[in-house]
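This report describes one protein chain from its overall surface down to individual side-chain pairs. Please consult the sequence and the structure shown below while reading.

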Amino acid sequence: MHKFVLFVAALSISATASAAAPGTAQNFLDRANRLKAKGPLALFDKDYKRLKAEATAAGKSIGADRVAAEKAGRPILYCSPKPKAELGSYEFIDGLEAIPVAQRQSMSLKAAMLRVLQQKYPCRR
C-alpha cells in the first residue's frame, strides 16, 4: 500500500511538472483543445468563460498598444486595415499551433496573439 501511495504521488508530481505554466500560450492552447474536444458541451464548462476573457483581455491590450504607438508616432506592430483587428477563434487556435511548442511554453498569451496578428496583418515596410 505504501508503494502505491508513493507511485500515485510521483505521478501527480510529474504531471504537474509537465503542465504548461499558467498565463502561457501553451497553457491557453492546452485548455482550448480540452474544451474543443467537448464539442458543444464546452459552452457549459466553467473554463470557457475564463478562456474567452483571457483572449479578450490580451486582444484589448494589444489594441491599446497599437493606438498608443500610433499617437506617439512609433511604428505599429501589425497592420490591419481597420483599427480593430479581426481574428476568429479557430484562426487564433491555428495560429497558436503554428508557433513551435518550445516557444509557446514560455510565451505569454499576449505575445502569441501579437505574433498571430503579425502573420495575418504584416506591415509592408
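The accessible surface of the chain amounts to about 8,600 Å², and carbon and sulfur atoms contribute 64% of that area. Accessible areas follow the Shrake-Rupley method with a 1.4 Å probe, and for residues only the protein chains shown count as cover. The model is predicted: local features require pLDDT of at least 70, side-chain atom pairs count only at pLDDT 80 or more, and totals for chains, interfaces and linings use all residues. Residues are numbered from 1 along each chain as its sequence is written, and side-chain values use heavy atoms, with hydrogens and water left out.

**Confidence and overall fold**

A contact means heavy atoms within 4.5 Å.

Six helices and zero strands make up the secondary structure, giving the pattern α-α-α-α-α-α along the sequence. Helices (H or I, at least four residues) and strands (E, at least two) are DSSP runs, numbered from the N terminus. Of the 125 residues in the chain, 29% are buried. Buried means under 20% relative accessible area, exposed over 50%, and partly exposed in between (1.4 Å probe, protein chains only). Among contacts between residues at least 6 apart in sequence, 62% join residues at least 24 apart.

**Helix H4 and its cover**

Helix H4 spans residues 89-98, and its buried residues are Phe 92, Ile 93, Gly 95 and Leu 96. These residues lie on the same side of H4, because they cover an arc of only 160° around the axis. The arc is that of the directions from the helix axis to the C-beta atoms. Tyr 90 and Ala 98, on the other side of H4, are exposed. The cover over the buried residues of H4 includes H2, helix H5 (101-104) and helix H6 (109-120).

**Salt bridges**

Side chains of opposite charge can pair when their charged atoms come close. Here a salt bridge is a side-chain nitrogen of Lys or Arg within 4 Å of a carboxyl oxygen of Asp or Glu. The structure contains ten salt bridges, and the table gives some of them.

| Asp 45 | Arg 34 | 3.2 Å |

Arg 34 pairs with Asp 45 in a salt bridge. This pair links distant parts of the chain, with Asp 45 in the loop between H2 and H3 and Arg 34 in helix H2, eleven residues apart. Asp 45 counts as buried, at 14% relative accessibility, whereas Arg 34 is partly exposed, with a relative accessible area of 37%. Asp 47 is buried, at 6% relative accessibility.

Phe 44 sits in the loop between helix H2 (25-38) and helix H3 (46-72). With a relative accessible area of 71%, Phe 44 is exposed.

**Contacts of Leu 77 and Gln 118**

Leu 77 is located in the loop between H3 and H4 and is exposed at 53% relative accessibility. Apart from residues up to four places away in sequence, Leu 77 touches Leu 114, Gln 118 and Cys 123. Gln 118, in helix H6, is partly exposed with a relative accessible area of 30%. Beyond its neighbours within four places in sequence, Gln 118 contacts Leu 77 and Tyr 78.
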